[in-house]
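Let's take a walk through this protein together. Have a look at the sequence and the model, and then we'll go piece by piece.

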Amino acid sequence: NRLVKTKRLATDWARACTKAKFKRVIMKADADTSSEEDLKQELEEVRLAFERNYDAIFSAFLYFCMSGGDVGEDAYSMGLNQWTAFLVDCEIPDNSSKSCRASDLDTAFIVTNFEEDKGSDTNKENDDRKLMGFEFLEIVVRVAVAKYIMSKQVDDVSEAVELLCTDRILPHLCPEALITPNDFRESKLYFEEIAQIFEDHDPFLRAVYTFYAYLNGQRVMQMEGWITMCEHCCLLGPKTGVSKREAKLIYAWSQMQVADEIKKRNKMITLTFVDFIEAIARLSELVCPPTASRLEEFFHATNPATSATPTWEYFATVTEVESVRTRRVSSEFTSVKTRALREKIEGVLEMMTTQLVWNYKVDVPFVFDPEKPITGTGGVSSRGSSNPLMDALEACTGEKEVYEVHRRFHLAGLEKSVTMKINALGRAIKV
């Protein structure tokens, strides 16, 4: 991971340094730069300043990109609103300054987005209204010059960049914006008991992954498929406390990094099956299903141990106000965790299987296009073959118990018609 980050910084910085106007800014601002050789040395010093602070720079860029409203590939670039939020959070604008006012920094955003080579591969991937990773490095340099060199606090560009990182960015960003994805992997995910629970549910998880990857007509999952799955499983919203922004962050943090955001674009924006497993684990930490004692307290006289789906029943029944009031503090991204991750994953997998049985056997929101089959391991077969998600659901859940849960909580007074509908769909699925 460290090697990939080093390569990513080198690639992004090299790409930023292809812009002649950007290099002229550095040559003009730096007191000791008067020749091409001086410029080459100063560019390397700036790169080293970024290298010392790259974890924070990269994490902040990803965090603010995901804070926007876009879902999918566009979510990996930073729009003006997210740029402004970054500046405000880091307390960078200075309206008493002649060069670092909010309006000056908006101008820097526009100037940085200007593409000198309109026919390049970079320009084809680059939205002129948003910042890519290499442009974020450029604009950080421009801001450092505006804030510290134009005000004559320092006269060296690399020193100004270092000062911006250590004086403004690092101290002022919220903890979520500084999360390093590997910390979760090393402290929570890479353990035998976690591997075992995912291995136990492997057929179901592969079927779900393939099903939602297919929404975009691909074999690998995109962000749209991930968000749709979370919505279909009722894992987003006030009851679980998980927002779409947080689901996007989980998606991005679960991906392995790439060394080139242009040449490895598709890999950068998609989720492999292994990444998907990690995302489920991260989501489980945030959902933080109720403990056994909380379930007992909530159901009172009803003993949840008699149900196959107590966690799902809890979220199906609890009011939004009650759920918010009793949510555990330890469920936040950066809070200290007090329960084993395995327990939380089991609760979330129960919610997924139970809700998907309901969605796809009782009220199917969409169906596969049989004219566009996907074949291979975990794929969707041609017309007339069974749906792998249905097979997985039937194999992983006690159908009679799940149906009874749904009848009790959703279908009061309609038991007969619903039972007939379930049976009819069940027969159709097995044909």
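In which helix is Thr317 found? Thr317 sits in helix α18, which covers residues 310-317. Keep in mind that what you're looking at is a predicted model. With a relative accessibility of 37%, Thr317 falls between the 20% and 50% cut-offs, so Thr317 counts as partly exposed. Lys239 is 78 residues away from Thr317 in sequence, yet in space their C-alpha atoms are 9.8 Å apart.

What about the rest of that helix? α18 is mostly covered, with six of its eight residues buried. Those buried residues are Pro310, Thr311, Trp312, Glu313, Tyr314 and Phe315.

Now step back and take in the whole protein. You can trace 23 helices and two strands in it. The protein has 431 residues, and 52% of them are buried. Its accessible surface comes to about 20100 Å², and carbon and sulfur atoms hold 53% of that. There's also a story in the contacts: of those with a separation of 6 or more, 71% are between residues 24 or more positions apart.

Helix α14, residues 244-254, is another one that is mostly covered, since nine of its 11 residues are buried. Go along α14 and you'll find the buried ones: Glu246, Ala247, Lys248, Leu249, Ile250, Tyr251, Ala252, Trp253 and Ser254.

Helix α10 runs over residues 181-189, and its buried residues are Pro181, Asn182, Phe184, Arg185 and Leu189. Where do they point? If you look down the axis of α10, these buried residues fall within an arc of 155°, so they line one face of the helix.

Next, let's see how helices meet. Find helix α8 (residues 133-149) and helix α9 (residues 157-172): their axes come within 8 Å and cross at roughly 90°. An angle from 65 to 115 degrees counts as roughly perpendicular, so that is how α8 lies to α9. On the α8 side, the residues that meet α9 are Val140, Val141, Val143, Ala144, Val145, Lys147, Tyr148 and Ile149. Facing them from α9 are Val157, Ala160, Val161, Leu163, Leu164, Asp167 and Arg168. Sort the residues of this contact by class and you get 12 nonpolar, no polar and three charged.

Helix α2 (residues 20-29) packs against helix α3 (residues 36-52) at an angle of about 100°, and their axes are 10 Å apart. That angle makes α2 and α3 roughly perpendicular to each other. From α2, the contact uses Lys23, Ile26 and Met27, while α3 brings in Glu36, Leu39, Glu42 and Leu43. By class, this contact of α2 with α3 has four nonpolar, no polar and three charged residues.

One last stop: is Ile110 buried or exposed? You'll find Ile110 in helix α6, residues 102-112. Its relative accessible area is 60%, which is over the 50% cut-off, so Ile110 is exposed. From Ile110, look across to Ile139: the two are 29 residues apart in sequence, with a C-alpha to C-alpha distance of 9.8 Å.

Conventions
Residues are numbered from 1 along each chain as its sequence is written. This is a predicted model: local features need pLDDT of at least 70, side-chain atom pairs count only at pLDDT 80 or more; totals for chains, interfaces and linings use all residues. Side-chain values use heavy atoms; hydrogens and water are left out. Helices (H or I, at least four residues) and strands (E, at least two) are DSSP runs, numbered from the N terminus. Buried means under 20% relative accessible area, exposed over 50%, partly exposed in between (1.4 Å probe, protein chains only). Contact means heavy atoms within 4.5 Å. Accessible areas come from the Shrake-Rupley method with a 1.4 Å probe; for residues, only the protein chains shown count as cover. Axes are lines fitted to C-alpha atoms, for helices over the stretch in contact, and angles run from 0 to 180 degrees between N-to-C directions. Angles under 35 degrees count as roughly parallel, over 145 as roughly antiparallel, 65 to 115 as roughly perpendicular and the rest as oblique. Ala, Val, Leu, Ile, Met, Phe, Trp, Tyr, Cys and Pro count as nonpolar, Asp, Glu, Lys and Arg as charged, and the others, Gly among them, as polar. The arc is that of the directions from the helix axis to the C-beta atoms.
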